[in-house]
Amino acid sequence: MLFILAFSGCSLFEDPLKDAEGAEPVSPTPISVMPELNLERVTVEVGLESFLSTNDAVGIMLADKFGINLVPVDISAADTEALESYADSGALPDVTRVDITAPYFQHWIDEGIIREIPQNLIDKFPKVAEIAQNSDELAAVGKINGGGNWFIPVDASGFYGADSGRIYYRRDWLAETAAETTEADSEATPPTEAPSAPAPSIIEDFTLMISGFAEKNSGTPNASGLTLAGGVTYLISLFGTDPESWVFENGEWVPAYYSDRMVRGLSYVRRLYDAGVISRDFDITKANTAINHMAENLTGGLIRHGDAYWMQRVMDTFAERNGITAAEAYGNHIAILPPPAVPITVGEYERYWPRSVVTGGCVISAAVDDAELEIILGMLEYTLSDEGQEIAYFGLRGETCAETVSESGERALQLFIDPSTAQPFDITEKYPSAQLMFLLDANRSRLAEYDEYIPSPMHPAIKAACTEAARVYGESAIDEGDGFLIRFLRTPAKDGLRNAMDYSAAFNRIVMGAEPVEEMFAAFKRDCEQKNIRAAITEVNAFFSQISAE
């Protein structure tokens, strides 16, 4: 039984827990043990990048808990060639974390290299079943393949269905603008408290706000009203269509970036660019540079990720540059703006934001029988449990952490200091097998609502703002219909188009160009046709004709 777990590189432990004021360690509480499975012990090979040993307390505990022998295999999820070699030789691991949008994934289904996962087995494990039930990605792949569960999705529930991009803005600059307007229109005595102003809720007021920010910085080198990092996709998506999706128009499905719907968003961004509102070099601006521009008072607006990690980073960077705390940065200077609503008919507005697309999942080798699959599902269920997540972020009680009780009676886990580093323990370094707890993790370390598991100095107000932003943006996530399904559909011409087309660079050129947007977009469409886009459209629509007839 070969059990390989593959991950792309990421930091699993980013911000150590600071000592809690007034908290005293209490006696360690043993972690409960799930009932032993009455199955013959089998060998389970576990493959991770640089994973060379399971001879640690967590690995031994897992082996005993599930009646298996854990054997490490060093492999990376990013090593596509190695994964395909395993599959082609008939030695694909029992369970493998993969990118379900990669062309090899559909090939493995078609060739019977991976197996379907019966619903009755999934239903035995409540947490796994809940993730599967809520996964649009799993449903889309099932529809493409005539039904069935072809992978176990990662848990992305905390993203609320929306992409993690957010609109940051300088709330203090907006308040200053409002105060200046009030002083110009009235001789009333200025208030003693810092002025405030309502955040814009519609696209017209959003445009006025960032235009005012640009005017405030007029004449300052590298200044702008709104800083972008690399592209204009988010701004275009405000108008209801994500360029990454597919849309149905004129009786057929076409890539959204090829649709005439793009002209409205591109025209809007062009107007901002021509007026000097957005950063002049947005096409080459890196994420760190964009964040620094806000911290250095060079911009009043920023579009960047707004998950827990990035929101904290934006506030920390601003605080460091301005000699204040991160909490003060959020409380007095920076806020998150919900997607501004755009007019859809006369007097009616709607909010839109790109939806999230979760590309990670665990596939099961066709060589795995139902009894072995049940063991694997049991392990995946355990990784999602409170116990498993505690191990992921804090390790084992009494060895790397202990529960503390504050003076107010609040209980929390406290990481011990590693004597060899004088820093809180790095759990996955101390226990390499703890990486198993991230098999179905869609990067919880970036979700504020999971802060109970994650050692982090995140301020409560920032945490609350992060969670609320995820909810509000989730309500604005674009409903793509079957366009979402097409994201996972593999056809020869569509896969070739994926490598041939760089619509983002083309859109940047349109925004920065001098010719009319409509003319430049028409030229872009002709270029798409030269790159065989019609063949991809034909294949995709033939697929829909086929499933409609069945």
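Me: Is Glu 296 buried, exposed or partly exposed?
Reply: In this predicted model, Glu 296 is partly exposed, with a relative accessible area of 39%.

Me: And which side chain does Glu 296 meet in a salt bridge?
Reply: That's Arg 321, at 3.4 Å from N to O. Arg 321 is partly exposed too, at 39% relative accessibility.

Me: Where do Arg 321 and Glu 296 lie?
Reply: Arg 321 is in helix α12 (residues 308-322), while Glu 296 is in the loop between α11 (287-295) and β9 (301-305), so their contact ties together parts 25 residues apart in sequence.

Me: How many salt bridges turn up in the whole structure?
Reply: The search finds 19. One of them pairs Asp 370 with Arg 115 at 2.7 Å, N to O.

Me: How many residues apart are Asp 370 and Arg 115?
Reply: 255, so to speak a link between distant parts of the chain: Asp 370 sits in helix α14 (residues 370-384) and Arg 115 in the loop between α3 (103-110) and α4 (119-122).

Me: Why does Arg 115 count as buried?
Reply: Because its relative accessibility is 15%, and buried means under 20%. Asp 370 is partly exposed, at 40%.

Me: What about Lys 525, which partner does it meet?
Reply: Asp 260, with 3.1 Å from N to O. Lys 525 is in helix α21 (residues 517-530) and Asp 260 in the loop between β8 (252-255) and α10 (262-274), so the pair ties together parts 265 residues apart in sequence.

Me: Lys 525: buried or exposed?
Reply: Lys 525 is buried, at 17% relative accessible area, whereas Asp 260 is partly exposed at 46%.

How values were computed. Residues numbered from 1 in each chain as written. Predicted model: local features only at pLDDT ≥ 70, side-chain atom pairs only at ≥ 80, totals over all residues. Heavy atoms only, no water. Salt bridge = Lys/Arg side-chain N within 4 Å of Asp/Glu carboxyl O. Helix = DSSP H or I, 4+ residues; strand = E, 2+ residues; numbered from the N terminus. Buried < 20%, exposed > 50% of the residue type's maximum accessible area, 1.4 Å probe, protein only.
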